[in-house]
Amino acid sequence: MTQYSELIERLLKGETRAAARLMTIAENDIEAAEDIVKSIYKNTGNAYILGITGAPGSGKSTFISTLIRKLVKEGKKIGVICVDPSSPLTGGALLGDRIRMKEHFSIDNLFIRSMANRGQLGGLSRATEDIIKIMDAYGCDIIIVETVGVGQSEVDIFKSAHTVLALVVPGLGDDIQTIKAGIMEITDIFIINKMDLPGADRKVSELIRMLELNMNYSYSDDINNNFAKINQWTPEIVKTNSISGENFDKLLEKINKHKEFLKKTGIISNYHKTRIKSEILKILEYKMTQKIEKLFNTSEQIDKSIQKVINKSTDPYSMAELIIEMMGIEDSF
Amino acid sequence: MSNNRKIKVLVTKPGLDGHDRGAKVVARGLRDAGMEVIYTGLHQTPKDIANTIIQEDPDAVLLSILSGAHNALCPKIMEQLKEHNIDDVLVAVGGIIPEEDKDYLRELGLQGFYGPGTEIKTIVNFVKENIKR
Amino acid sequence: MTESKSLKKEKSKEKETEKTKRTFRNLSDIEIKRLYKPKDIEDLDYEKDLGEPGKFPFTRGPYNTMYRERLWTMRQFAGFGTAAQTNERFKYLIDHGQTGLSVAFHLPTIYGWESSSERALGEVGKEGVAIDTLADMETLFEGIDLSKISTSMTINAPASILLAMYIVVAEKQGVSSEQLRGTIQNDILKEYIAQKSWIFPPEPSMRLIVDTIEYCTEHVPQWYTISISGYHIREAGSTAVQELAFTLADGFAYVEAGMERGLDVDNFAHRLSFFFNSHNNFFEEIAKFRAARRIWSKRMKNEYGAKKPESMRLRFHTQTAGVSLTAQEPENNIVRVAYQGLAAVLGGTQSLHTNSYDEALCLPTEKAVRIALRTQQIMAYESGVADTVDPLAGSYYVESLTDKMEEEANKYFDKIDELGGVIPAIKKNFFQKEIANASYKYQKELERKERIMVGVNKYKPKTKTQPDILKIDDEVAVEQIESLKQVKENRDNEAVESRLSELKKAAQGDDNLMPYILAAVREYASVGEIIGTLKEIFGTYREDSIF
């Protein structure tokens with residue numbers, strides 16, 4: 001039982017406001033987030049998670065809007081998490097993604113949540129995963145996570161997605177380049193959005209060339225490597241027009257195909273294992289950092305030792321070993 | 001400290017008027033004051049606004065209305081909030097609100113009124129001092 | 001005193017001034033020098049760069065005699081409540097010497113919603129007059145002879161519908177469409193850029209505009225088919241240079257669209273007019289107006305091959321800057337408006353709307369409207385500024401600033417070309433970003449007191465003044481909704497249905513839509529119904545979030 005049990009009870013009944021409030025709490029307070037996730041964990045695991053990325057100007061919001069319309073028609077309950085950058089200077093953020101998604105908005109089948117990345121390293125994917133879990137427990141069948149696709153922490157987010165979609169646009173120049181770093185390797189379906197623009201086919205061949213260069217990766221148990229990136233799945237390319245809705249049925253087919261692929265190959269269970277490992281590691285990383293920082297700020301012994309490093313009577317490596325010793329975890333395995 | 005609290009503000013334009021210069025300047029100003037600002041764009045119905053408040057769970061809502069429709073739109077918006085038992089969100093209006101309408105709007109639960117010529121820092125301080133959570 | 005001493009003294013004086021005001025930059029961020037001298041305009045060639053008024057490149061004015069022959073049209077924008085209420089205000093203005101009408105429509109009409117729609121809640125008759133069907137339009141112009149007056153209608157996405165209504169009202173008065181004089185704003189590009197009253201996506205919107213141009217060229221030859229507007233771009237927070245550049249770029253885009261349709265540029269270009277803002281920085285505004293005429297004429301002649309001088313001659317309406325009005329000590333606005341109006345006249349405007357001092361508080365009251373109109377009349381008849389043409393020509397400062405405005409505008413044209421033209425630039429949010437940045441910068445400058453607004457960030461009043469204000473009764477909505485219901489009961493609904501389905505079919509093809517819209521309007525189809533029908537084919541535009 002936690003102080004949030006009343007909210008959690010309401011969340012599990014599918015109450016939107018409770019879900020929203022829990023997200024706020026989880027975002028603002030990491031310890032509270034732990035409490036919440038501990039209580040709802042057994043109720044998660046039912047949602048299919050789509051990661052969607054694309055450079056500014058790729059028409060992402062309109063694309064997602066059209067995709068939502070299709071999915072809602074199928075009777076699915078959709079969650080959307082829109083992640084935007086925080087200003088590194090002020091910590092503030094402008095979150096404007098709802099603007100293009102309001103059209104078929106109904107609170108019963110669509111939950112949109114805007115999030116600022118709050119600039120912390122690694123913190124973003126953690127907070128996003130907490131929010132994904134809350135949406136999952138709330139009852140969303142499909143959860144769409146949307147980011148602009150730059151930076152390592154966003155790559156991390158996509159590691160928790162079942163299917164990753166990346167948008168490129170004809171004539172937008174180097175958008176393939178901008179998504180290349182990190183995201184390219186984990187994309188399952190490439191979308192050539194705004195297919196009515198000239199140069200759509202050229203973009204397809206550009207992509208194929210790029211993918212061929214990248215096709216030499218193979219599956220490994222390395223948890224930093226994405227689960228699905230084994231050479232059995234060849235990334236699909238779909239051309240879409242988000243305004244007319246052209247080819248969205250085809251896109252849904254491809255998503256299903258990927259889903260089937262994950263199931264058939266057993267990757268999905270492997271995926272869960274990999275994902276959970278990765279998640280635990282991330283939590284550990286965070287917790288250890290917290291502990292070490294606390295130690296640094298409070299321990300007189302460490303303070304003295306740092307002085308020793310300055311005096312060159314010891315060195316940073318020996319110092320680090322000393323701290324591991326102090327924490328008593330060196331030999332515990 | 002595990003607390004990573006940020007003030008979250010919804011800036012929204014109910015009704016049909018397209019004058020979004022003020023709303024955008026305010027949104028940007030609040031961002032520069034370290035807040036997370038959700039901007040919905042134009043033409044939001046009272047129901048749209050309520051849905052956004054429910055899902056985004058902001059600390060404050062700033063309605064920007066320059067068309068003179070405030071006396072019709074504000075009651076509808078506040079009704080929606082009441083219906084969903086939302087009582088811990090600060091609601092204020094920006095735009096052209098005649099003095100004589102303010103008492104009525106205050107009664108409905110709107111707390112701040114910011115007309116043309118308001119400095120951003122005034123709004124920033126108002127939000128900081130009056131949020132309810 | 002020796003020379004060096006006096007120079008020193010002058011220098012120290014200069015320093016002192018610099019201290020009191022850190023930089024001297026106008027609203028377009030152009031640095032203003034202490035003194036302008038002959039060398040600042042040494043490249044100026046009178047024939048080539050200025051020319052006689054009424055002659056290429058029209059820098060000195062579109063007409064030879066300007067205000068000596070005919071004063072500018074004093075055209076106060078009006079519209080509120082029901083058609084009957086606005087009709088009364090029109091008659092009041094005509095009685096007080098106004099020479100042209102200017103209609104403001106309420107937002108539901110502007111967005112194509114019926115007054116009874118949920119979307120119209122609280123908006124009926126608020127910011128303009130409520131027009132749903134031809135019946136309202138008949139009431140609006142009741143007792144006003146449309147063959148005698150020129151009418152400007154501030155309407156964009158549904159412009160073709162309101163024009164159609166105007167034509168039919170005239171017809172019923174026995175006035176043929178050939179006799180009609182006036183303007184529809186019909187400038188959709190600036191809606192995407194700044195004013196936001198779009199309905200359809202850019203491509204079908206452009207089609208509707210070219211349809212009206214084509215129709216008017218043949219049937220309403222005295223009508224100004226587009227009023228290419230910088231006003232709203234400026235109100236959205238742009239600088240004067242941006243206003244100048246974006247507006248002219250829009251103008252070029254319309255010319256190109258017309259030519260693509262196969263129209264001869266000399267057959268329609270002279271029916272395009274402009275609408276600018278007149279803001280606080282007096283000389284900057286004058287330079288802007290003069291530069292606008294020069295840029296337009298050069299491009300029309302050199303790029304589009306216009307042959308007739310009328311096609312190269314830019315004419316414009318001006319409204320003083322609404323955004324410059326303050327709610328603090330509203331009476332001060334009378335003074336602001338007078339300076340802004342004067343800049344427009346010295347810049348050679350063809351018509352002028354002077355804002356009412358209470359507009360930062362409410363819709364203008366009758367008293368405020370009268371003062372605004374009197375401001376123009378005093379300027380026209382008492383000040384002597386209308387006695388000679390382009391009195392500021394040759395001023396080192398004004399000429400050099402005019403050149404600078406042109407130069408800066410040209411930089412923007414190059415950027416827009418790089419982006420592939422106006423519509424691609426809109427889709428890439430180029431203008432929207434430029435304006436949002438300029439407006440945020442301006443706000444910051446105000447807050448740092450680098451710019452002063454009297455009564456707002458300096459000399460703040462200790463007490464609040466509360467002038468009488470005009471409020472629109474909520475009864476208006478009830479009345480309007482009821483009258484719309486009446487119209488719908490009394491019209492031939494079958495005819496309406498078939499006119500609408502004919503329109504829908506036409507919209508799917510390439511026909512000019514004006515005749516179909518006219519047919520639907522005649523049967524009292526509402527603006528909302530016609531727009532709704534077109535939406536089914538054209539879809540609706542959605543904005544991006546640009547800050």
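This is a predicted model: local features need pLDDT of at least 70, side-chain atom pairs count only at pLDDT 80 or more; totals for chains, interfaces and linings use all residues.
View 1. Local features need pLDDT of at least 70 and side-chain atom pairs count only at pLDDT 80 or more, while totals for chains, interfaces and linings use all residues; side-chain values use heavy atoms, with hydrogens and water left out. Residues are numbered from 1 along each chain as its sequence is written, and chains are lettered from A and ligands numbered from 1 in the order in which they are written.

**View 2. Inside chain A.** Of the 333 residues in chain A, 53% count as buried, meaning under 20% relative accessible area with a 1.4 Å probe, protein chains only.

**View 3. Where chain B meets chain A.** Chain B brings 33 residues to the contact and chain A brings 31 (contact means heavy atoms within 4.5 Å). Together they bury about 2,800 Å², 45% of it on carbon and sulfur atoms; buried area is the accessible area (1.4 Å probe) that two parts lose on being put together, summed over both.

View 4. The side chains of Asp88(B) and Arg21(A) form a salt bridge at 2.9 Å, N to O. On the side of chain B that touches chain A, α1 (21-32), β2 (36-39) and α2 (46-56) of chain B each give two or more residues. The largest share of that side, 6 residues, comes from α2(B).

**View 5. The two domains of chain C.** Domain 1 covers 38-360 + 374-425 and domain 2 covers 482-538, with bounds from an automatic or database domain assignment. Their C-alpha centres lie 29 Å apart, and 35 residues of domain 1 of chain C are in contact with 28 residues of domain 2 of chain C.

**View 6. A salt bridge in chain C.** There are 2 salt bridges between domain 1 and domain 2 of chain C. In this close-up, the side chains of Glu114(C) and Lys488(C) meet in a salt bridge, at 2.8 Å from N to O.

How values were computed:
Buried means under 20% relative accessible area, exposed over 50%, partly exposed in between (1.4 Å probe, protein chains only). A salt bridge is a side-chain nitrogen of Lys or Arg within 4 Å of a carboxyl oxygen of Asp or Glu. Helices (H or I, at least four residues) and strands (E, at least two) are DSSP runs, numbered from the N terminus.
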